[in-house]
Amino acid sequence: MNIQCPNCHSGRITTRNRAKKAAGLIGTIGGTISGASGAFAGTEIGMTLGVIAGPPGMVIGGLAGTILGGLLGGATGCIAGSKLGEVVDERVLDNFRCLACNCTFNTKAASTAD
């Protein structure tokens, strides 16, 4: 899709992606918190599996389960937040900025200028 500025018709356009970045950060934080609460279940599982290796295995298994739960929660939250932010960028915000005249616009403004 070739996007042009509705103001000066320049093709030198960049995306701002502000909502995508913000929602990704919020999703990461929320997902990590959610993952940390779910990590207690991971700790239990890790400790149960670590019983085979004795007390050091339980500690290492518990830590691994906690870390893995937090990481998976954070990654999932980041992906979900980024996708939501992408939709907001595309449909609500002026996501495009012209590098020639510094005008900001969305795809609806770009399509009506044609």
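The following questions and answers concern a predicted model.

Q: Which residues make up the largest nonpolar core?
A: Membership in such a core requires buried residues joined through side-chain atoms within 4.5 Å. In this model the largest nonpolar core has six residues in all. They are Ile3, Cys5, Phe96, Cys98, Cys103 and Phe105.

Q: With which residues is cysteine 5 in contact, leaving aside its neighbours within four places in sequence?
A: Cysteine 5 belongs to the largest nonpolar core. Contact here means heavy atoms within 4.5 Å. With those neighbours left aside, the residues in contact with cysteine 5 are Ser10, Ile13, Cys98, Cys101, Cys103 and Phe105.

Q: Does isoleucine 67 count as buried or exposed?
A: Isoleucine 67 is placed in helix 2, residues 55-91. Together with Val59, Leu63 and Leu71, Ile67 forms a nonpolar surface patch with about 410 Å² of accessible area. The cut-off for exposed is over 50% relative accessible area. Because its relative accessibility is 53%, isoleucine 67 counts as exposed.

Q: How far apart are the closest N and O atoms of glutamate 86 and lysine 20?
A: Side chains of opposite charge can pair when their charged atoms come close. The rule for a salt bridge asks for a nitrogen within 4 Å of a carboxyl oxygen, and the count by this rule comes to one. Glutamate 86 and lysine 20 form a salt bridge, and their closest N and O atoms are apart by 3.8 Å.

Q: How many residues apart in sequence are the parts that this pair ties together?
A: Glutamate 86 is partly exposed at 27% relative accessibility, and lysine 20 is partly exposed at 31%. Glutamate 86 lies in helix 2 and lysine 20 in helix 1 (residues 18-50), so the pair ties together parts whose separation in sequence is 66 residues.

Note on methods: Residues numbered from 1 in each chain as written. Predicted model: local features only at pLDDT ≥ 70, side-chain atom pairs only at ≥ 80, totals over all residues. Heavy atoms only, no water. Patch = residues over 30% accessible without salt bridge, like charges linked within 9 Å, V, L, I, M, F, W, Y side chains within 5 Å. Areas by Shrake-Rupley, 256 points an atom, 1.4 Å probe, with all protein chains shown as cover. Salt bridge = Lys/Arg side-chain N within 4 Å of Asp/Glu carboxyl O. Helix = DSSP H or I, 4+ residues; strand = E, 2+ residues; numbered from the N terminus. Buried < 20%, exposed > 50% of the residue type's maximum accessible area, 1.4 Å probe, protein only.
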